[in-house]
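The entries below follow the order in which I looked things up.

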Amino acid sequence: MMKINFEMLDQPIELAGATILTIEDTKIFAHLAKLFYQYQEESELRLFNEKQKSLKATELMLITDVLGYDINAASTLKLIYADLELQLNEKPEVKSMIDKLTATIGEMIGYELLEHELDLECDEITIIELFKALGIKIETTSDTIFEKLVEIIQVFKNLTKKKILVLINVCSYLTVEELTELNNYISLYNTTVLFLEPRKVEGFKQYVLDEDYFLSEVSED
C-alpha cells in the first residue's frame, strides 16, 4: 500500500489500484506536477509505503505527456534488458550457449580486424549489447490514446523496479467507458496508478483538493 503526502494535506492519502487526485487550484496543481517531475526521497512531496519507507526516485514512473511519451525510450529498454538478463541467468544452459556463440562471433571479427591496414581492436560482446544489436523493443500497435495507455500500464506492470505510475492530466482524453475499462486493467494487473488531474472527473470516485485547500473524497456519481 503506497501513500502520498504534501504540504496542503492534513493527512496522507492511500494509493490503492487506480486513484484519482484532483487539484482545483492551478498553481498548486502545477507545483505538485513539478514536485513529481523533480521527485527525490527527501523532497516536500512524500511517497512511502505502510512501513514509512520512502519511495526511491527510480521506483517512480511519471508520464506528463501521454501523446509524446515513447514506450521504447532508452530508459525503459534499459530496465527491460536488465530483466531479460536476470531471466537468462535463471537458465544457465541457454546463457552458456549464448556466451559461446557471442565469443565465437567476437573471435571471427577479431581475425578480420587483423587483416585491416589500421590497428583495430574490439571488446567482448555483453548480453546487454547483444539485446541492443538485435533491436529488441516493445511491440506497439496502439492507434488511440486509450490503447496507448493500456500498453503503458502493461509495460509498467512488467518493470519490476517501478512501484508507482503517475499519469498527469490524461482523463481529459478518455471517455467514461474508456476510463472505466482502464481502471479494470489496473485492478487486474494489481498495480498502483495515480491520476493527477486539474479538474473533477465526473462519474468516478476521487480525492478533490479544492481552491480553499480543503480535501474531500468524492464518491461515484
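I worked from a predicted model. I began with helix α5 (residues 145–158), which lies across β5 and β6 (164–168). I noted an angle of about 155° between α5 and β6.

Entry, strand order. I traced the open sheet through six strands, in the order β5-β6-β7-β3-β8-β9, and recorded the pairing as mixed. At the edges I found β5 (60–63) and β9 (215–218); each has a single partner strand, so one side of each is left without a neighbour in the sheet. I recorded an average twist of 20° from one strand to the next.

Entry, the β8–β9 pair. I looked up strand β8 (residues 206–209) and found that β8 pairs with β9 in the antiparallel sense, over four bridges. For glutamine 206, I identified valine 218 in β9 as the bridge partner.

Entry, helix α2. I checked the span of α2 (residues 74–89): its 16 residues reach 22 Å from the first C-alpha to the last, close to the 22 Å expected at 1.5 Å a residue. Which residues of α2 are buried? I listed Thr76, Leu77, Leu79, Tyr81, Asp83 and Leu88. I then noted that the buried residues of α2 pack against α3 (92–114), α4 (127–133) and α5.

Methods:
Residues numbered from 1 in each chain as written. Predicted model: local features only at pLDDT ≥ 70, side-chain atom pairs only at ≥ 80, totals over all residues. Heavy atoms only, no water. Pairing = 2+ DSSP bridges. Helix = DSSP H or I, 4+ residues; strand = E, 2+ residues; numbered from the N terminus. Axes fitted to C-alpha atoms, helices over the stretch in contact; angles between N-to-C directions. Contact = heavy atoms within 4.5 Å. Expected span 1.5 Å × (residues − 1). Buried < 20%, exposed > 50% of the residue type's maximum accessible area, 1.4 Å probe, protein only.
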